[in-house]
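Work through the exercises below with the structure open beside you. Try each task before reading its solution.

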Amino acid sequence: MVSKETDEDFLFLAEDEAEVTGDELKLGEWQLLIVDDDEEIHTVTKLALSDLTVLGKRLVFNHAYSGAEAIAFLRQHPNTALVLLDVVMESDNAGLLVVQQIRDELQMDEVRIVLRTGQPGYAPEESVIKEYDINDYKTKTELTRSKLVTSIIASLRSYQQIRTINQSRRGLEKIINAGANLLEQHSLHEFSEGVVTQISSLIGLHAEGVLCAQIEDDGSASENIYVLGAAGHYAPYIKCQLHRLNNQRIVNQITQCLHNRQHLFTDQDTVLYLGNEKHCAAVYIETNRPIEQLDRQLIEVFLSNISIGYENVTLFQQLKHAAYIDPLTKTPNRNEFIQILQDTRRYEAAGSVAVLIDIDHFSDVNDGLGQDVGNELLIAVAFRLIEHFGNCAQLGRIGADVFGLVGPETELTPDRLQQVFNEPFHASEHALQVNATFGLCHLADSSEQGLTILKHVYIALNKAKKHYGQNYQYYQADMEDEMAERLALLRMLRQDFAQGRLELWYQPQISLQSKQVVGTEALLRWPQANGQYISPAVFIPLAEYSGLIVDIGSWVLDQACLQIKQLEKHGFSALRIAVNVSMPQFRNQGFVQSVIDCVNRHQIKPDLLELEITESVVMDEPKIVIEALQKLKNFGIKVAIDDFGIGFSSLSYLQQLPLDRIKVDRAFIRDIDHAAGEVIAETIISMGKRLNLATIAEGVETLAQEQAVKAMGCDEVQGFMYAKPMPPAALLQYLQQSGKVTTSD
């Protein structure tokens, strides 16, 4: 047995000590664990090795006084490089049991172990080294300071080599797996996010504060660099210009990397260059420490491995670019803007607003000055919108003459939007003053889906178009409810019309001179299952808006002609029927011929069918309406203008219309006992007579009203005083019972 004194003295035996110098790669530390049940061994070992530097790193000493303490320490400190381990402690083989636990239980194959013993013979040296992967096994008497230093240097070199090999292997596995995943990506943004995440994982960093940027236009100015992929607190800036990060260091580092086409490594950050001359990017990583040489090599291999994938995904992105960028204004198109809305809603909903800008009467520019001028106007509008809002909002072209903006609600206000249109736009040699209508929607009040957000902004825009005196509207939830109700009503109207549930009723028209029924007006009715009726004022505009009025109008004409034929069979051969016609019907190219065909099909006299039009219809498309009515008039069909005086129509159009009759609106008849109402009604009747037109007053409900219009020279009346609108069977009964029916023209 060797005494304790002898155990201590071995550290100071006189021997020539060769100076040991390591390759100083970089400053750092080696974590050593001294395991011995004798406290003095800890002290003298630390004293002997305190000034030792190995491979440019100093030694940091940790202490354990039993096998259990050693295992507990190693569980908490897996990066321990070397263990100086006593064999005999609480038991004769305690050290060997610790070695076994390190290798088998803790699975620590990198840490190096030097066994020391003052009692040789407890374990054969050769078998212990082979079985337990031990670097050295010496008796304490053998270990002079020089030999101990030599053993430690050899062990630490071995540790570094094994660790380098393992890191390289794990790094290569990550590279292979990451590269395979990234090569499957077709989205440039997803690829870029994958790159920054994988690099962070590769060098053992959390992905917070990582981004990827690429020059999309010529030059290297920061305004031409865009964030393609990001992680951590930079994630909201994906697809934004780099300068919007408001971090000048990042802008400078990325710009320098792209300009010099090489990596940048500093103590604060790392910027990696990726790509080739045509497709280049910079990956910025907030490291806050230098990147080790081994990690740099792994990064080089990784970037080489994915460079082809980056080029491929960039080429694929160029194809997508054509599908998501408006070719005229070079701004995002509708599809891309929907994605921008969705991304902004996800990351910056609070305080953000989406806007749609509709250029009023843009078709007039195209029709009057040509499409080239129209295109130049659109480019000029896009350019000015970028001038005003490019630094805070994202612009897109959503439709032919509709632009979209998304950004801070403090910037995108109705007043600031209107300022864009205060000055004329220059298109070709023209200076065009145009106005616009705005629909706005707070993103926090809308859906998380981009398409739904766009729908909400369109609802606000359409509301603004119908709102006179104000050219903007903010979206509110009740707007969508109102729209949903309208759509539900329209679906029900389509269904009921297809199933033949609409009805055509008739209100008699009376001659003031003969007191006989001279005609009827056909009025559309929509009955409900509960016995109630939906007002024509509600469903007729819906039918006109949807275009369903064309089919309904054809059915009404057919039913009216059929009713004329039925009345003729019952002896009422001279009663005309008036049918209301709307603008969508006139716009239908086959309208005129369809009316003529309907008259011929039922074999009725053309002059028994009268078409009623309103002033608003005439004013909408005067040329189309006048031309169509002239053809119908030539065929023999009668024409009346309804609600005269309400639409403030131009008398120049009135004299061009092939009219037979003027209807005085019920609003003037209702106020006929007032001076103003009396004057207007008398003026209309007088003008009708001067134009050789018959006049009919509608809405007559009292004897006083009848006497008033009769005194003014009115020819016919219509109203509740004589008869309410009634279905065909009731009309026939009314005519038969009244006995006052015109039998000839």
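**Exercise 1. The whole chain**

Task: State how many helices and strands the protein has, and what share of its residues count as buried.

Solution: 
- Step 1. Note the source: this is a predicted model.
- Step 2. Count the elements. The protein has 26 helices and 27 strands.
- Step 3. Turn to burial. Of the 745 residues, 49% count as buried.
- Step 4. Look at contacts between residues at least 6 apart in sequence. Of these, 66% join residues at least 24 apart.

**Exercise 2. Helix 3 and helix 4**

Task: Describe how helix 3 and helix 4 cross, and list the residues that meet.

Solution: 
- Step 1. Locate the helices. Helix 3 spans residues 67-76, and helix 4 spans residues 94-105.
- Step 2. Take the geometry. Their axes come within 10 Å and cross at roughly 25°.
- Step 3. Apply the cut-off. Angles under 35 degrees count as roughly parallel. Helix 3 and helix 4 are therefore roughly parallel to each other.
- Step 4. The crossing of helix 3 with helix 4 is right-handed.
- Step 5. List the contact. From helix 3 come G67, A70, I71, L74 and R75; they meet V98, Q101, I102 and E105 of helix 4.
- Step 6. Sort by class. The contact has five nonpolar, two polar and two charged residues.

**Exercise 3. Helix 19 and helix 21**

Task: Do the analysis for helix 19 and helix 21: find the angle and the axis distance, then the residues that meet.

Solution: 
- Step 1. Helix 19 covers residues 591-602, and helix 21 covers residues 622-635.
- Step 2. They pack at an angle of about 20°, with axes 9 Å apart. That makes helix 19 roughly parallel to helix 21.
- Step 3. The crossing of the two helices is right-handed.
- Step 4. Helix 19 brings F591, V592, V595, I596, V599 and N600 to the contact, and helix 21 brings A628, K631, L632 and F635.
- Step 5. By class, the contact of helix 19 with helix 21 has eight nonpolar residues, one polar and one charged.

**Exercise 4. Aromatic rings**

Task: Say how many aromatic pairs the structure holds. Then classify the pair F497 and W555 and the pair W526 and F539.

Solution: 
- Step 1. The structure holds eight aromatic pairs.
- Step 2. The ring centres of F497 and W555 are 6.4 Å apart and the planes stand at 85°, so this pair is edge-to-face.
- Step 3. F497 is in helix 15 and W555 in helix 17, 58 residues apart.
- Step 4. Check burial. F497 is buried, with a relative accessible area of 18%. W555 counts as partly exposed at 24%.
- Step 5. W526 and F539 also form an edge-to-face pair, at 5.5 Å centre to centre and 85° between the planes.
- Step 6. W526 lies in strand 20 and F539 in helix 16, so the pair ties together parts 13 residues apart in sequence. Both W526 and F539 are buried.

**Exercise 5. A loop glycine**

Task: Where is G28, and which residues does G28 contact beyond its neighbours within four places in sequence?

Solution: 
- Step 1. G28 sits in the loop between helix 1 and strand 1.
- Step 2. At 28% relative accessibility, G28 counts as partly exposed.
- Step 3. Leaving aside those neighbours, G28 is in contact with G56, K57 and R58.
- Step 4. Compare sequence with space. G28 and T53 are 25 residues apart in sequence, and their C-alpha atoms are 9.9 Å apart.

Note on methods. Residues numbered from 1 in each chain as written. Predicted model: local features only at pLDDT ≥ 70, side-chain atom pairs only at ≥ 80, totals over all residues. Heavy atoms only, no water. Axes fitted to C-alpha atoms, helices over the stretch in contact; angles between N-to-C directions. Helix = DSSP H or I, 4+ residues; strand = E, 2+ residues; numbered from the N terminus. Parallel < 35°, antiparallel > 145°, perpendicular 65-115°, else oblique. Left-handed = near helix turned anticlockwise from the far one by under 90°. Contact = heavy atoms within 4.5 Å. Nonpolar A, V, L, I, M, F, W, Y, C, P; charged D, E, K, R; others polar. Buried < 20%, exposed > 50% of the residue type's maximum accessible area, 1.4 Å probe, protein only. Phe/Tyr/Trp six-rings, centres within 6.5 Å; stacked < 30°, edge-to-face > 60°.
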